[in-house]
Every structure is written in C-alpha cells, then in structure tokens.
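Please open the structure in your viewer and keep the selection panel at hand. The stops below are meant to be followed in order.

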Amino acid sequence: MDSELFGHVKGAFTGAFKDRIGRFELADKGTIFLDEIDSFSPAMQVKLLRVLQDGELERVGDSKTIKVDIRIIAATNQNLQELIAQGKFRKDLFYRLNIINIELPPLRERATDIPLLTHDLILKHARQLGKQVHAVSDEVMERLKQYTWPGNIRELENVIERATILTRGPVIVLEDLPDYWRGSSRRSSGSRPFCQCQ
C-alpha cells in the first residue's frame, strides 16, 4: 500500500524497475477517497497523518520530501472511537480526518433508496453487458425492499449484475435472482416492470 499511495523510486524494492508516482501525488490540488481507513497499519497511519498535517510525503526508497495539497475523504464501516480505545487507530489521525462526519445508514434502513439504486445498477450493468434490460418486476422490487442487505450496496450490486446476466428478457424477474431469494415463489406471467430505466 505504501507504493500505491506514496509512490516509489526505481530500485526501492524487488520489482521496482522504474519510478512511480503515488496516488497522493496524482491527487495533488484535488481529492482522494480512502476506503476502509480502519484497516490501515499503525505505520501507514503515521504516514497519512504527516500528509494531513504537513502536506508532505516521501516516495518509498527516497528521502526527498514532496509537497502535496490534497483533500481526503475517508470511509469506514467500523466505529473508529472504539478502535482508538482498543489502541488500533490513532486518536490524532481520527481528529485530523473527522472534520466533517457523514454517517450513512446501512441499506436495510434506507429501503426508499432501493428503487433508484436498482435503476442505476441496471443501467450500468446492461450497458457493460450490451443487454437490453431496463426494469425489475414488482415482485422483485418488493423482495429487494424487504431484504436486510448485510452486504449493503455491494451486495445489491452483485444481485443486480447477476440478474442482468441471467435474465432472458428486458425485465428482471424472480427466477433471475439467486436461489436464496426465490424460496418457493415461481415466475409470474403477470409480472410487470416496476423500475423503468431509460
């Protein structure tokens, strides 16, 4: 991860055949998104703190300091204050990152978002797959809204991508969903589109 974020110089490690600019340098004068910030090692947390506090970094294998001006948006699904109490996350880094905190409830608490997310995901995957899929049936939409989504939006995307691949028509029906969704339900010949995608 050091090389990915901070870059490296030729010869810094086995396989470093040429200099490489890291993500922080690439994001100079812009914004970078760091997902799962809770999984950063203690050493990586120290380096990230330096970037936030001083706007400075060093490429792996180099002692030259590089100035960067970046905004960081970080995400986690963990309670960072609990991780601080356990000694797994730096308190000073937490305060540097936590300027504006946006708490996004899990998908199971946002059932009203599911039709719009489903619409966007169908468009995305139909375009990627070159398929003419543009809707889900009413029955599918009801199942999507009632499900608890332990995997949140990533799970929803997985379900929609799979259904888009498997469907034989323009409307995703219950039989296109994974087995654990179907139970004893059968495809309804009267299923009509709920989520119309243009």
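What joins the side chains of Y147 and E155? Select both residues, and you will find a polar contact of 2.7 Å between their side chains, where a polar contact is a pair of N or O atoms within 3.5 Å, one of which, within protein, must be able to donate a hydrogen and the other to accept it, with residues adjacent in sequence counted only if both atoms are side-chain atoms. This is a predicted model in which local features need pLDDT of at least 70 and side-chain atom pairs count only at pLDDT 80 or more, while totals for chains, interfaces and linings use all residues. Residues are numbered from 1 along each chain as its sequence is written, and side-chain values use heavy atoms, with hydrogens and water left out.

Stay with Y147, which is found in the loop between α7 (138-146) and α8 (152-166); helices (H or I, at least four residues) and strands (E, at least two) are DSSP runs, numbered from the N terminus. Y147 counts as partly exposed because its relative accessibility is 22%, given that buried means under 20% relative accessible area, exposed over 50%, and partly exposed in between (1.4 Å probe, protein chains only). Not counting residues up to four places away in sequence, Y147 touches E155, Y180 and W181, a contact meaning heavy atoms within 4.5 Å.

Next, select W149, which lies in the loop between α7 and α8 and counts as buried, at 0% relative accessibility. Its phi is near 50°, a positive value in a residue other than glycine. N152, placed in helix α8, likewise has a positive phi, near 55°, and is partly exposed at 29% relative accessibility. Most residues other than glycine have a negative phi.

Finish at Q45 in helix α3 (residues 42-54), which is buried, with a relative accessible area of 1%. Leaving aside neighbours within four places in sequence, Q45 is in contact with F40, K88, F89, R90 and L93.
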